[in-house]
Amino acid sequence: MECERKLYDYIAAIRPADKARLDTAWERLGSLCKPPRSLGGIEETAARLYAIQNGDRISAQKRRIIVMAADNGVCAEGISSAPKSVTLMQTKNIARGITGVAVLARRFGAEVEIVDVGVDTDERLAGVIDAKLMRGTNNIRVSAAMDRETAAKAVLTGIERAARAASDGIDAIGTGEMGIGNTTTSSAVLSVLTGLGVEEVTGRGAGLNDDAFDNKKRVISDAIAFNAPDASDPLDVISKVGGLDIAAMAGVFLGAALNRKAVVIDGFISIVAALTAYRMCPAVKDYMFASHASFEIGLCVLAKAAAARCALRSWTRPAPYTTTWRRLMKRR
């Protein structure tokens with residue numbers, strides 16, 4: 001349990017953003033020659049960055065996206081439209097700079113760091129940091145994904161990568177993942193942490209047909225019933241029905257807060273990792289910036305739980321999410 005003790009020592013050291021600096025930032029913004037708060041979210045982002053950082057001026061010049069790569073044993077249940085081998089293939093492609101995240105990061109001057117925390121291979125991957133803890137998780141339908149100490153190690157890995165980014169002078173950290181089957185594990189974690197039904201939090205992933213989608217929901221329900229994770233204990237939840245990528249990304253959020261760095265949420269798995277980190281330490285919400293809003297159920301839950309605002313809006317989710325989004329908002 002040494003890793004778990006170390007994890008909770010780190011969590012105990014996390015402090016909220018500096019409220020005095022936040023007030024100072026709003027006073028400065030209010031003194032400018034413009035209608036009060038007329039720049040909307042731009043002003044809020046600027047004020048929050050000033051509260052997080054220690055300098056006289058805010059900076060987001062140096063940015064790094066930390067991508068956690070891992071396989072998921074639940075793929076054995078046929079819950080994905082893509083074969084598990086795509087995890088390895090895309091991990092290599094990110095390192096080669098030929099994926100969407102790599103191209104966009106290069107266009108906007110951000111670094112990309114990819115970390116292997118559980119890809120199912122013994123191959124040493126060029127351009128990838130080797131932090132492998134398992135060759136993929138166990139099949140959550142019939143077993144816990146991993147033991148508790150391994151989950152704690154995965155979270156610590158994320159904290160350590162965020163700390164390294166801070167020591168390298170990075171101003172803002174982005175989060176990313178690569179792992180076939182991780183919308184299944186993310187939906188399982190989200191269902192447990194929020195108490196929402198599997199039907200309410202599960203999407204089709206990368207385009208499942210009706211039969212495969214029904215199977216995915218059955219597998220998630222079976223996994224939760226088999227493992228009986230404790231919703232009040234996020235580490236128990238991710239060790240039983242989560243994934244190494246989710247755990248490590250949760251660590252990135254915690255590590256960013258520990259090192260007083262802004263960290264960006266982007267995508268469903270990232271949202272679930274952020275919620276996991278928030279349940280471990282609510283103070284991390286001061287350091288989180290949501291990249292875009294959609295009808296993705298995970299973002300709705302996070303907005304309710306952590307009051308995160310989004311920089312961009314992208315109404316790209318199918319109609320069934322609309323009903324759940326409205327229901328969640330009514331519960332606030």
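Which residues does S187 touch, not counting residues up to four places away in sequence? In this predicted model, S187 touches V201, T202, G203, I220 and F268, where contact means heavy atoms within 4.5 Å. S187 is found in helix 7 (residues 182-194), and with a relative accessible area of 1% it is buried, the classes being buried under 20% relative accessible area, exposed over 50% and partly exposed in between, with a 1.4 Å probe and protein chains only. Helices (H or I, at least four residues) and strands (E, at least two) are DSSP runs, numbered from the N terminus.

Because the model is predicted, local features need pLDDT of at least 70 and side-chain atom pairs count only at pLDDT 80 or more, whereas totals for chains, interfaces and linings use all residues. Residues are numbered from 1 along each chain as its sequence is written, and side-chain values use heavy atoms, with hydrogens and water left out.

**Strand pairing**

- Strand 4 (residues 172-178) has 6 of its 7 residues buried, so it is largely enclosed by the rest of the structure.
- Strand 1 (residues 63-70) runs parallel to strand 4 and is joined to it by 7 bridges, two strands being paired if DSSP finds at least two bridges between them; within this pairing, V67 stands opposite G176 in strand 4.
- Strand 5 (residues 262-265) also runs parallel to strand 4, with 3 bridges between them, and V264 in strand 5 is the bridge partner of G174.
- In a regular strand, the side chains alternate between the two faces of the sheet.

**Salt bridges**

- With a salt bridge defined as a side-chain nitrogen of Lys or Arg within 4 Å of a carboxyl oxygen of Asp or Glu, the count comes to 21 salt bridges.
- One of them joins the side chains of D233 and R148, at 2.8 Å from N to O; D233 lies in the loop between helix 9 (210-227) and helix 10 (234-241) and R148 in helix 6 (residues 148-167), so the pair ties together parts that are 85 residues apart in sequence.
- In that pair, D233 counts as buried at 16% relative accessibility, while R148 is partly exposed at 23%.
- The side chains of E199 and K217 meet in a salt bridge at 3.1 Å, N to O, and the pair links distant parts of the chain, with E199 in helix 8 (residues 198-201) and K217 in helix 9, 18 residues apart.
- Here E199 counts as exposed at 58% relative accessibility, whereas K217 counts as buried at 10%.
- D168 and R164 form a salt bridge with their closest N and O atoms 3.3 Å apart; D168 is partly exposed at 28%, and R164 is partly exposed at 43%.
- D168 and R164 also belong to a network of salt bridges that links them with R64, E111, E113 and R161.

**Nonpolar cores**

- The largest nonpolar core has 92 residues, of which L7, V155, I173, I238, L254, V284 and M288 touch the most other members; a nonpolar core is a set of buried Ala, Val, Leu, Ile, Met, Phe, Trp, Tyr and Cys residues joined through side-chain atoms within 4.5 Å.
- Helix 11 (residues 244-258) supplies the largest share of this core, 11 residues.
- M288, leaving aside its neighbours within four places in sequence, is in contact with R48, F253, V263, I265, A274, A277 and Y278.
- A second, separate core has 5 residues, among them A25, W26, A47 and Y50.
- In soluble globular proteins, nonpolar side chains tend to be buried together.
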